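Please look over the sequence and the model shown here before reading the briefing. The points that follow are grouped by topic.

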Amino acid sequence: MLIDGAAIAKQFRAEVALRAAALNARGITPGLAVILVGDDPASAVYVRNKLRACVENGLHSVLERYDATMAQADLLARIEALNADPAIHGILVQMPLPRHLDAQRVIEAIAPAKDVDGFSVASAGRLLTGLPGLRPATPLGCMKLIQSTGIALRGKHAVVIGRSNTVGKPMALLLLQAHATVTVCHSATPDLALHTRQADIVVAAVGRRNTLIATMVKPGAVVIDVGINRDDAGKLCGDVDFAGVSQVAGWISPVPGGVGPMTIALLLANTLQAAEQAAAH
Ligand code: NAP
């Protein structure tokens with residue numbers, strides 16, 4: 001069965017819009033500030049989609065766009081200003097940054113309460129220890145997709161392919177928190193299929209097409225495809241051979257129309273969560 005990320009995200013965004021309206025009624029408009037440094041075309045598209053989603057769902061958004069030559073001190077100063085701005089509840093610095101900027105230092109400059117990407121050490125630590133906090137939107141979106149199948153995660157074997165700080169690792173932690181038995185695979189895993197064949201749930205977050213093919217999947221498994229790649233014809237595709245794997249899997253999310261729309265929906269939800277927290281104080 002297809003996991004229709006676009007439809008699930010739409011539903012999720014409608015819930016976000018309702019919560020935003022409830023805050024609006026109290027005179028608070030949840031606000032997201034997005035900082036874009038440089039002119040990477042893919043980043044510009046991602047940012048545009050995020051800002052449009054804010055407008056459509058009752059959130060206030062601000063785009064701060066800077067030249068690729070921006071100095072680190074100036075960027076840190078802008079983040080400080082946004083940290084202090086009560087109209088802004090979430091701050092997102094679009095990655096990747098130009099090479100002369102220290103991305104980790106920039107992320108750490110964001111106030112933890114406004115870290116809606118959930119990439120800071122503080123947010124990662126809260127996830128690791130199971131404390132409430134802002135979780136990275138992409139793995140959180142994957143969790144929502146898995147939950148949409150109605151399959152209980154407790155006791156299931158989940159295999160995550162990829163161990164990045166932004167997707168693979170937080171994904172593994174969220175699955176662990178949901179009581180799955182978790183295996184994390186990466187580029188040094190000698191026999192990937194050995195692991196994926198035993199998985200009730202596979203999340204592929206590699207960035208290489210055909211990483212997961214039909215013979216690597218247990219019949220009936222839930223397959224979530226995070227990857228964003230291009231095929232030989234230049235068409236968008238994921239890490240999973242969709243045509244083959246969809247014959248074996250019980251549930252599968254497509255690319256496009258799977259994890260992508262959920263990432264945006266969860267970013268909005270995180271901004272709202274940050275605004276609700278701020279309003280409660
Ligand atoms: P990343 O930082 O490049 O990490 C890729 C991971 O895949 C690494 O942990 C790497 O292992 C592992 N890997 C590489 N080759 C492998 C192989 N042959 N077998 C098993 N594992 C392998 O990428 P990322 O930021 O996590 O993103 C992963 C993909 O998801 C990309 O295509 C990205 O564009 C996409 N993405 C999509 C969304 C969305 O909203 N849809 C959001 C974020 C990312 P090592 O650690 O050993 O190098």
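In this predicted model, V223 stands opposite I252 in β10, within the pairing of strand β7 (residues 222-225) and β10, which runs in the parallel sense over 2 bridges. Helices (H or I, at least four residues) and strands (E, at least two) are DSSP runs numbered from the N terminus, and two strands pair if DSSP finds at least two bridges between them. Residues are numbered from 1 along each chain as its sequence is written. Because the model is predicted, local features need pLDDT of at least 70 and side-chain atom pairs count only at pLDDT 80 or more, whereas totals for chains, interfaces and linings use all residues; side-chain values use heavy atoms, with hydrogens and water left out.

**The sheet of five strands**

- The strands β7 and β10 belong to an open sheet of 5 strands with parallel pairing, in the order β5-β4-β6-β7-β10.
- The edges of this sheet are β5 and β10, each with a single partner strand, so one side of each is left without a neighbour in the sheet.

- Strand β1 (residues 31-37) is joined to β2 by 7 bridges, the two running parallel, and the bridge partner of L36 in β2 is R65.

**Domains**

- The domain assignment, which is automatic or taken from a database, gives domain 1 (26-112) and domain 2 (137-260) for the protein chain.
- The centres of domain 1 and domain 2, taken over C-alpha atoms, are separated by 29 Å.

**The ligand and its surroundings**

- The ligand is surrounded by 19 residues, the closest being R163, S164, S187, I228 and T263, where a residue counts as near if one of its heavy atoms lies within 4 Å.
- Helix α10 (residues 259-280) contributes 3 residues to the shell around the ligand, which is the largest share.
- An N or O atom in the side chain of T263 is 2.8 Å from an oxygen atom of the ligand, a backbone N or O atom of V226 lies 3.4 Å from an oxygen atom of the ligand, and a polar side-chain atom of R208 lies 3.4 Å from a nitrogen atom of the ligand.
- Of the 940 Å² of accessible area that the ligand has on its own, the protein covers 68%, with areas from the Shrake-Rupley method and a 1.4 Å probe.

**Backbone geometry in loops**

- M95 and P96 are joined by a cis peptide bond with omega of about 0°, and P96 is found in the loop between β3 and α4 (103-109).
- A cis peptide bond also leads from V255 to P256, with omega near 0°, and P256 is placed in the loop between β10 (251-252) and α10.
- H179, a residue other than glycine, has a positive phi near 75° and is found in the loop between α7 (168-177) and β5 (181-185).

Terms used: A polar contact is a pair of N or O atoms within 3.5 Å; within protein, one must be able to donate a hydrogen and the other to accept it, and residues adjacent in sequence count only if both atoms are side-chain atoms.
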